[in-house]
Protein chains: 2
Amino acid sequence: MPDLPISVPPATDPAALVTGLPPMWLRDNCPCAACRDPRSGQKLFQITDLPDALAIGTAAARQVHGADAVEVIWSPDGHRSLYAVEWLTARPGDPAQGDHRNEAGKQLWEAADLGALPEADWSAYLSADRERARVLEAVQRLGFALLRSVPAEEGQVLAVARSFGFVRETNYGELFDVRVEPAPDNLAFSSLAITPHTDNPYRDPVPTIQILHCLRNAAEGGDSGLVDGFRAAALLREQDPEAFAVLTSTPVPFGYRDARAELTAHRPLIDLDPTGRIREVRFNNRSMGTLRLPARELEAFYAAYRTFAELLLRPELQLTFRLEPGDCLIFDNTRLLHARTAFEQSGARHLQGAYADLDGLASTLAVLRRTAVLDELAELFNGPGSADYLGEVVTVAEHMLQAGALAEAAGAPAHLVAAALLHDVGHFAGPISGDELMAGTDNRHSHTGADLLARWFGPEVTEPVRLHVAAKRYLCAVEPGYRARLSEASEYTLQVQGGPMDEQQAAAFAALPGAADAVAVRRWDDEAKEADASTPDFEHFRPLLASLLRR
Amino acid sequence: MPDLPISVPPATDPAALVTGLPPMWLRDNCPCAACRDPRSGQKLFQITDLPDALAIGTAAARQVHGADAVEVIWSPDGHRSLYAVEWLTARPGDPAQGDHRNEAGKQLWEAADLGALPEADWSAYLSADRERARVLEAVQRLGFALLRSVPAEEGQVLAVARSFGFVRETNYGELFDVRVEPAPDNLAFSSLAITPHTDNPYRDPVPTIQILHCLRNAAEGGDSGLVDGFRAAALLREQDPEAFAVLTSTPVPFGYRDARAELTAHRPLIDLDPTGRIREVRFNNRSMGTLRLPARELEAFYAAYRTFAELLLRPELQLTFRLEPGDCLIFDNTRLLHARTAFEQSGARHLQGAYADLDGLASTLAVLRRTAVLDELAELFNGPGSADYLGEVVTVAEHMLQAGALAEAAGAPAHLVAAALLHDVGHFAGPISGDELMAGTDNRHSHTGADLLARWFGPEVTEPVRLHVAAKRYLCAVEPGYRARLSEASEYTLQVQGGPMDEQQAAAFAALPGAADAVAVRRWDDEAKEADASTPDFEHFRPLLASLLRR
């Protein structure tokens, strides 16, 4: 008999876990399928839909797939919610928890704190998820990373942007050229140093990522500099809290205009989030406009502004390095200031730049991390899965890939494609092997597989896997001719697994909520034993699996 | 003799205007060409470049082109700054002045406040700058506008976005489809109402503009709704200040995930700027995640959240209308919530959407407003300028267009192209006409022209115009053969204008800072008298002129 999904655990006092919690909050987080779409996780009701006098009616301990849970029946509407104890007991956290935009989620630095630069080879970055995740993680945590050996060709900067996100097109185009060539009549761009600044402070929303790709750098000098603006702002807060208070509370006008654009933004030099954490730094003397305030406020602002500017120029804050052709710098334009040292005008220098956004980068990184946990499953397919499958004409991996492909071809929902694809992983996971099963010992592989998969997936994937052996025993009992079509190996294991169900067992199985799903998986399982069938590989299914991963 | 650009005015006490001002602020706003690039207006020095002990050395009244000014000689470095009195006496303003992102720059509304919807025909919007400015101004001020008769074809939503800014590409693509077709197995999108929400609260930076283009709407019901979130937030502040305080100070986690994206943002439902003004509203029950706070704070948040949600649903706040095929709604996604009423599933409904940003829209609007002031000049070329030019073989307009084109072909800087193009506008502006000049009365058209142009342009444009007659008199005095090459009409007017300069006058002219520019304009003036020369029209020069307009 399969486990019932819910059973009563030994005595505890589950009411204590929920009675202290605000009912609106608890109910707003009800994970049931009527309250949240199981696939997207999106909430399906409005907060105003909840009754004014919402209260916990009864609370009782339950077990869900072996995990402790509390069942709440709500008053006055009788709605039923089931909360995992693990979820209920999560410590009330920092409101900034998981926020990757403010200082709490960053590693602030001065130049000496950094050993080797966070860098990667472009081709390794493109081919290995792990390299790519490492680079993107550096941009998120340190504010920058350097890609080496990006082909020194025009337009490649866009390929870099698109490797992790989306190009933010501006009035400068999709990309812009930073060219300094010997041109004595253009002194502004000749040998002058450009002090640390953020780009486009006159844009709102400001582009949150900048990418600079070096195509040529034959000039002497012209090195690149970076300063961690969050670190500088944190130093200011420490050393001159009043100046910090002034800069965080004074909107500053920034402006840019040319024939075809006129951009203005009013934002503070240091922007805090509502919890008081540093969230954005804007600093650009060139495009700062005229501040109009009472004289005393102007005085306080200018004193603070100069203190911050001096701080940003401190040598120990400056990280300096040279961009060579093929180098591509990705940095957080809401945090890092960039600069160029002075140089002798003895050669040409050409960079191409583009803007992008941090949210796209964070999304790509999250998906990479998410799918990285699937590597272990991929290993099962490539390693032990390539062994013979209990005397069938296919390997276990071929068998599971065929089952997944059959489910996909049948237009099955994603969770059933996943269940079909993964239904036999238990052969590699439990203490008893598939060979021992063939030698007459039931390895209960449907249960060990479901338990293994519960690390990644919810019950919509694990339960059809758990029940796929029971489904065979059920079909043998209720469907004339089914048993006769079983393969020789499957007929053998049927006996080891308990043989066909009796009438009472079959009725109990049919009454399970997951019975239909399990039967569907079972049918793809039975069909997936064709020699030399052409099937997609595991990587084909990775995005589908990733979409089903538990949060 | 031309006016000297600076002369001493009658007695006032100019020191009084500057002594009360913070020296750092005043110096940071020095408008001289060494401190600010005259073309871009960008600052050319760092705040840290200024001496610590900066102080006003002397302050003295001056006149610059007839306007009162104060000249400051700075201690200790002797730098000289010249400030217009008009600039110095500008009232210390609101820090939010000119900020088009917060509530101060908006017209908040309830449905009854709006008469006719702010709308325009797509072809009129495309062809008339005034229509386009009116639509964009509505988006900025009211939060939305409606374009009618946009061809109901796929992809047109991108043409709308590009008509005022740049598409913000996301994981949903450059555009996305909102399709509701009879499909009983997709109940989530069938006949349900979608309550007011903002889009993509899980994105940071959030897309600040959304565009929805209706391709088909054969369904009964399915009307569109808009709510002014700023108005609702202002009502909350008025009616429940504590709830307002809670919602503005609590970062809320928002999330979205699918197979290829995982977006999270932590932002308050109501975001204030550092001056406490409402700046952004985020509201989306579907993608709000789990808030982890101490129970008392959760209770306060949920009470405030429900109050705000109820407020947003008040019927008097809801503006409801129907999108017909070809209608395209542009709205501010940081301010307006959009909704869809329930509908009977009797037909197909298909919208296409795209995101863009407010800063690009504001820039386009500013440039439209800026170039609109040039319409008056364009009129001069099309109207009076098409008259004969004082007996020459070209009209005045042809003459000036030729002069502008010659300057452009010579690679002259923009301000000299403009001066050449506009050097004779004084013939239409002063009380004495060009015909009277030919009858023997000097109309001083170089001065009236320069004074007229000062409404739009700085001295780099107006002064070469002011001096272009003096330049003729100067060249006649110093350049052998120059006078002999003058046209017959020009030789005649030379006499009326005072004849060649004497030696002393010529030396004084040559010493003027603008002499070289004036001579350059004069030479294009002299050459620009070819019959039937092909020249660009006034519109060709509009962007160049726009780039030179005074702020």
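**From one histidine to the two chains**

Modeller: H350(B) lies in strand 20 (residues 349–356) of chain B, where helices (H or I, at least four residues) and strands (E, at least two) are DSSP runs numbered from the N terminus. This is a predicted model, in which local features need pLDDT of at least 70, side-chain atom pairs count only at pLDDT 80 or more, and totals for chains, interfaces and linings use all residues. Residues are numbered from 1 along each chain as its sequence is written, chains are lettered from A and ligands numbered from 1 in the order in which they are written, and side-chain values use heavy atoms, with hydrogens and water left out.

Colleague: Is H350(B) buried or exposed, and which side chain does a polar contact join to that of H350(B)?

Modeller: With a relative accessible area of 3%, H350(B) is buried, the classes being buried under 20%, exposed over 50% and partly exposed in between (1.4 Å probe, protein chains only). A polar contact is a pair of N or O atoms within 3.5 Å; within protein, one must be able to donate a hydrogen and the other to accept it, and residues adjacent in sequence count only if both atoms are side-chain atoms. At 2.6 Å, the side chain joined to that of H350(B) is the one of D177(B).

Colleague: How many of the 11 residues of helix 18 of chain A are buried?

Modeller: Among the buried residues of helix 18 of chain A are K472(A) and R473(A), and what covers the buried residues includes helix 16 (445–453) and helix 17 (459–466) of chain A. Helix 18 (residues 468–478) is largely enclosed by the rest of the structure, because the number of its residues that are buried is 9.

Colleague: Which residue does a cis peptide bond join to S75(B)?

Modeller: The bond in question has an omega of about 5°. The residue has its place in the loop between strand 3 (67–75) and strand 4 (80–84) of chain B, and is P76(B).

Colleague: What rotation superposes chain B on chain A?

Modeller: Copies are superposed by least squares on the C-alpha atoms of residues with pLDDT of at least 70 in both. The shift along the axis is 0.1 Å and the RMSD 0.2 Å, for a rotation of 180°. The two copies are thus related as by a two-fold rotation axis.

Note on methods. Contact means heavy atoms within 4.5 Å.
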